[in-house]
Each structure stands twice: as C-alpha cells, then as structure tokens.
Amino acid sequence: MTDGTQLRHPDEDDHPAIAAVVDEWFGGRRVAYLAARSWFRHVGSTSWLAIHPSGRIVGFLIGYPSQDHPDEGVLHLLAVDPNVRRRGIGRMLVDAFGGGLGRRGVREIVALAWPGEPPALAFFEAVGFRADDGPGTVNRYGTPAYPDLDGPGEDRIVFRRPVRGG
C-alpha cells in the first residue's frame, strides 16, 4: 500500500491510541468524544485503521452501513496524521470502506463536514464526494450546507459518493 502503510480493522484495544491523537489531528478541535470506545466495539468490522510500517496508527475511518437506509453507508469520522497527509492514506481508507460496504449491497457513502474547513472540503472532493445542494441548503463559505442539521448553530455539509467496487 502507500509507503508500506497497511490497513486493518480496529478493535477496542486501539481506542487509547486514537483518543490520544484525534484532537491534535483535527487541529485542536475537541472531537475525541466522536471516537469513543463504543465505536471500536460495535463498528470495528466496517471501520479501518492505517498502520505505518513502524506499527504506529497514522489514520482511521469509523463508519458503518445504515440500519434504516440500507443503500447508505455512513462515514462517521476520518482522520489522518498531519505528518503523513497527501500520501493517499485517506483515499485508501475511503476506498477500503466503500469496498466493504459494496459487498453488503450499499450503494452510496454519506459523510458530514463542518462548513468553512477548506482541508476537509478539498479532501472529500478529491476522493469523489459531492456536496449535496438539495432543497433546504444555504451557502456557507461558498459551499451548500444544511443549517442546524446537528442542532442549533450546527450547520453541516452533507457529502455523498457512490460506492465503487465491492
């Protein structure tokens, strides 16, 4: 894989290593609660870790097939160590996630992002996601977003990408 980086599914034992770096990888934004231990326990089989040849975790994707919308897979959280970005690790994680979902009959991956975060927007677009610009969206920093999607003042961009392969 990219620079010898390998992928594997996470388990609960991986939680402390992720919890220790996730806020830093998100530029200081406090998001560790989004990577709680229960995610690793309950959706580890559809989530992925990127492991550097040294054995260090350099990226992760937490995601799952939707129970209520079986054609959709939900990319809950994705992060790559800032020191190894732009080397294809994020793309590897998304492609592995999509491949696994495709084998389950999922046809589309859905991901949310905060408006006004150019690196996240550029990443999602580079790996084939498109911002949903359907009814109810408003322009936030030049991108269509759903106002208050995750609560008052919590606008989100809804990205969609067809599942490839499978």
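**Close-up 1. Arg-161 is a buried residue, with a relative accessible area of 1%.** The model shown here and in the other views is predicted. The side chain of Arg-161 forms a salt bridge with that of Asp-95, at 3.2 Å from N to O. Arg-161 belongs to strand 9 (residues 157-162) and Asp-95 to helix 3 (residues 89-102), so this pair ties together parts that are 66 residues apart in sequence. Asp-95 counts as partly exposed, at 35% relative accessibility.

**Close-up 2. Arg-160 and Glu-108 meet through their side chains in a salt bridge.** The N to O distance is 3.1 Å. Because Arg-160 lies in strand 9 and Glu-108 in strand 5 (residues 108-113), the contact ties together parts that are 52 residues apart in sequence. Arg-160 is partly exposed, at 22% relative accessibility. Glu-108 is also partly exposed, with a relative accessible area of 25%. Salt bridges with shared partners join Arg-160 and Glu-108 with Glu-72 and Asp-132 in one network.

**Close-up 3. A salt bridge links the side chains of Arg-8 and Asp-14.** Nitrogen and oxygen are 2.8 Å apart in this pair. Asp-14 has 8% relative accessibility and counts as buried, because the cut-off for buried is under 20%. Arg-8, at a relative accessible area of 33%, is partly exposed.

**Close-up 4. The structure as a whole contains 12 salt bridges.** Among them are the pairs Arg-8 with Asp-14, Asp-95 with Arg-161, and Arg-160 with Glu-108. Side chains of opposite charge can pair when their charged atoms come close.

Conventions: Residues are numbered from 1 along each chain as its sequence is written. This is a predicted model: local features need pLDDT of at least 70, side-chain atom pairs count only at pLDDT 80 or more; totals for chains, interfaces and linings use all residues. Side-chain values use heavy atoms; hydrogens and water are left out. A salt bridge is a side-chain nitrogen of Lys or Arg within 4 Å of a carboxyl oxygen of Asp or Glu. Buried means under 20% relative accessible area, exposed over 50%, partly exposed in between (1.4 Å probe, protein chains only). Helices (H or I, at least four residues) and strands (E, at least two) are DSSP runs, numbered from the N terminus.
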